[in-house]
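Student: I am new to this structure and would like a close look at a single part of it. Could you take me through that part slowly, along with what surrounds it?

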Amino acid sequence: MKIWTIANQKGGVGKTTTVVTLGAILALQGHKVLMLDTDPHASLTYYFGIDSEELQHGVYDVFTQSDSMTEADWKKCVWETPVENLSILPATMAMATLDGVLSKKSGMGLIVKKALAKFASEYDYVLIDCPPVLGVLMVNALAACDKVLIPVQTECMALKGLERMYRTMELMNTSQTKSYDICVIPTMYDKRTTASIAAYRELRETYGDKVWEGVIPIDTKFRTASMEKLPLPVYAKGARGTFAYSELLKKLKSE
């Protein structure tokens, strides 16, 4: 089982889109995929038409009942999506309280890692969607993963979020014995604008081979696919965005 965390300390850069699209491509390839929504805003959860305010079970249960959770409890939390092989552990609004409840308790940064080791062995890939703020939820997602994917919108202000993300991982490196396998993903790239071109150049100059050489282009079909509550590779197999993420996945699987 491979665990990839998709994170950035800036919103609106394509984290949820990356989780949904990579997850769908993997599932269409025959892999069993689990997506975790650790963001209280629940964008990943809403993407699939699940109302986080109506949910009785989800990621919140994992954080609050991890020690006593059984396999049956775990299965109550996991939802199937319209895509075969693609499941989701959804977010609930109560997750917004977790930082206050858990941040002062020891060992709270490893809850997700321990839960996945215990319950998610039937999956080939786990993709974790993170909130854009550093707290117990992001710490858990980073501690659990094999690889960190950092989508970065190709505009200058978005690069600041990447700087914060790097500082966060440096801080976590000092408290753990692991080093992070990082892939920076340039997103929302528009080759017609000097801003996108300049931002991409700065990414490559500053972060070198940590930056994927390709780009995720602006594609309006991402938006229409989300309106239909379907991943882009299902809604529009031949879309530019689908092709770009397929190329990214080839790179990630080869490493």
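Student: How many of the 7 residues of strand β6 (residues 147-153) are buried?

Tutor: Before the count, please keep in mind that this is a predicted model, in which local features need pLDDT of at least 70 and side-chain atom pairs count only at pLDDT 80 or more, while totals for chains, interfaces and linings use all residues. Residues are numbered from 1 along each chain as its sequence is written, and side-chain values use heavy atoms, with hydrogens and water left out.

In strand β6, 6 of the 7 residues are buried, so the strand is largely enclosed by the rest of the structure. Buried here means under 20% relative accessible area, exposed means over 50%, and partly exposed lies in between, with a 1.4 Å probe and protein chains only. The strand itself is a DSSP run (E, at least two residues), just as a helix is a run of H or I of at least four, and both are numbered from the N terminus.

Strand β6 has two pairing partners to look at, where pairing requires that DSSP finds at least two bridges between the strands. With strand β1 (residues 2-6), β6 pairs in the parallel sense over 3 bridges, and W4 stands opposite K147 of β6. With strand β7 (residues 181-187), β6 also pairs in the parallel sense, over 7 bridges, and here V152 stands opposite P186 of β7.

Leaving aside residues up to four places away in sequence, I150 touches A7, N8, L162, M165, Y166, M169, I182, C183, V184 and I185, where contact means heavy atoms within 4.5 Å.

I150 also belongs to the largest nonpolar core, which has 51 residues, and together with L34, W74, L89, L116, I128 and M169 it touches the most other members. Helix α8 (residues 158-175) gives the most to this core, with 7 residues. A nonpolar core is a set of buried Ala, Val, Leu, Ile, Met, Phe, Trp, Tyr and Cys residues joined through side-chain atoms within 4.5 Å. In soluble globular proteins, nonpolar side chains tend to be buried together. Apart from this core lies another one, of 36 residues, among them L22, M35, Y125 and A239.
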